[in-house]
Amino acid sequence: MATAKTVWFCTSCGNESPKWMGRCPACGEWNTMVEEPKKEKKSSAATRSRAFVATESDARPLTLGEISLTAENRFSIGLAEVDRLLGGGMVEGSMILLGGEPGIGKSTLALQIPLNCASLKTLYVSGEESPRQIKMRALRLGGDASSCSILSETILENILDQALAVRPDLLVVDSIQTIYSDELDSSAGSVSQVKECAARLLRFAKETGTPVILIGQITKDGSIAGPKVLEHIVDVVLQFEGDTRGAYRLLRSIKNRFGSTSELAVFEMTGSGLREVLNPSEILIPMHKDDLSGIAIASVMDGTRPFMLEIQSLVSSAAYGMPQRNANGFDVRRMNMLLAVLEKRAGFKLAAKDVFLNVAGGLRVTDPACDMAVAVAILSSNFDLSIPLDSCFCAEIGLSGELRPVSQVQRRIAEAKKIGFKRIYISSFNKEGSWDETGIEVVPVSDIPALCRLVFK
Ligand code: TYD
Ligand code: MG
């Protein structure tokens, strides 16, 4: 009987199946299975990745007490914000996946590292651009280019040979989808190639102690091609977000084996590369002087750092039977829930209104503390009554219309005060905390009707 020569892989999670399926049983995505030649090699990625953990044959289990705590060796990469995201610098032998949509600035950021940090001997492998193109980019970025070597190569074996010869302090591979191993039949960017190349580069990182930055393209649905496959192999996943047409980019750490996750750094794309924005509140709060309706400032906490953010809303009568609901940077289902709460618990008639919501700066917020600002921005636009720009909001809204407490309210109040706000509305359930009220009025509120009475006097 003929044996199967091909297998089917899910491009979303890397799940392998002997036959095609409309829906991947592992991740539940539809239409993601692609056919690829069966890998003939005996050594699978799993056995390989086991090999570097226990390269010495005398490996034996150690009790936790026996393990010495010589902390991992870290070094700064010259970009303070990226160092912070990594948990205080890059760890030797770590593998970092830098993901993002095309044109967002991944290659720019990776090239800025050696240019900013002249002591770091870097090998920048590009499968996408020629050395000339990279040189031109480096000239635009400025900085010291003496420590950075460029290799234009897509064959994994050659890259590893060169890396072993050059012995860099940092290896950058731009991008993982363009490189391929000669030992596999499938084409570059396929699930098995991405998996195999990443596993081999990981082995190089662990065996030589060289940190490796893998650049990964994100496909339209928001996942890095061969995505989950890479996410669990690598130590750190940094993801670029934001509107490529706008100037601001967000770098988020979504996985970090050496530090905390959900940290966020803001960058501005300028004519000479990415500039770190050390105080994001400054760019995210409004520039206009006049009081406009539909605008409210939220105190958002992304990771461990609070910042202030402008929420804009527009409410108008629906021109057609079916009202439109649209949100940029905010979960539209959560907005619908807040609209239902405003309607049912506070008696505002919004069912026949078009509601549009926008988070300034191209940011995507998930912090539930934004709820209060979203609700007051919608009401402000609905009544055409402006909210004083020296006020800001932080509370979650529950299904019964109650204002729920948020985490780290002290730090949010301190940030609001630092930026110059005169008033911050919080949930009255947060009142147990203690904070310094000099210079800022902290207003505890228990529900939406009470909030409206205070804000729209
Ligand atoms: P790039 O880093 O190549 O994006 P990626 O590798 O994620 O695909 O480029 C990002 C965009 O930034 C590109 O459209 C050009 C622009 N850019 C600047 O505005 N200023 C600069 O100094 C550089 C290098 C690029
Ligand atoms: Mg690029």
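Helices and strands here are DSSP runs (H or I of at least four residues for helices, E of at least two for strands), numbered from the N terminus. The structure is a predicted model, in which local features need pLDDT of at least 70, side-chain atom pairs count only at pLDDT 80 or more, and totals for chains, interfaces and linings use all residues. Residues are numbered from 1 along each chain as its sequence is written, and side-chain values use heavy atoms, with hydrogens and water left out.

Let us turn to the charged pairs. How many salt bridges does a search of the whole structure find? The search finds 17, each being a side-chain nitrogen of Lys or Arg within 4 Å of a carboxyl oxygen of Asp or Glu. One of them joins Glu 183 to Arg 200, at 3.7 Å from N to O. Glu 183 belongs to the loop between strand 9 (170–174) and helix 6 (191–208), while Arg 200 is in helix 6, so this pair ties together parts that are 17 residues apart in sequence. Glu 183 is partly exposed, with a relative accessible area of 41%, whereas Arg 200 is buried at 10%. Both residues also take part in a network of salt bridges that links Glu 157, Glu 183, Glu 196 and Arg 200.

Helix 6 comes up again in another bridge. Asp 235 and Lys 206 meet through their side chains at 2.9 Å, N to O. Asp 235 lies in the loop between helix 7 (227–233) and strand 11, and Lys 206 in helix 6, so the pair ties together parts that are 29 residues apart in sequence. Asp 235 counts as buried, at 2% relative accessibility, while Lys 206 is partly exposed at 32%.

A further bridge joins Arg 412 and Asp 367, with their closest N and O atoms 3.0 Å apart. This pair links distant parts of the chain, 45 residues apart: Arg 412 is in helix 11 (residues 409–419), and Asp 367 is in the loop between strand 18 and helix 10 (371–383). Both Arg 412 and Asp 367 are buried.

Now for the spaces within the protein. Rolling a probe the size of a water molecule over the atoms shows where empty space is left. On a 1 Å grid over the protein atoms alone, a cavity is a set of points where a 1.4 Å probe fits but cannot get out; a pocket is an open set with protein on both sides within 12 Å along at least five of seven lines; and lining residues have an atom within 4 Å of a point.

The largest pocket has a volume of about 490 Å³. Its lining has 21 residues, and Glu 241, Gly 242, Asp 243, Gly 362 and Arg 364 are the ones nearest the centre. By class, the pocket lining divides into five nonpolar, nine polar and seven charged residues.

What about enclosed space? There are two cavities of 30 Å³ or more. The largest cavity has a volume of about 60 Å³, and its lining residues include Ile 77, Val 82, Leu 109 and Leu 238. Strand 6 (95–100) and helix 3 (106–116) are the elements that give two or more residues to that lining. Which classes make up the lining of the largest cavity? The residues divide into 10 nonpolar, no polar and no charged. The second largest cavity holds about 30 Å³ of space, and among its lining residues are Gly 89, Ser 94, Val 236 and Phe 258.

Note on methods. Chains lettered and ligands numbered in written order. Points joined across faces, edges and corners; volume = space filled by probe spheres on them. Nonpolar A, V, L, I, M, F, W, Y, C, P; charged D, E, K, R; others polar. Buried < 20%, exposed > 50% of the residue type's maximum accessible area, 1.4 Å probe, protein only.
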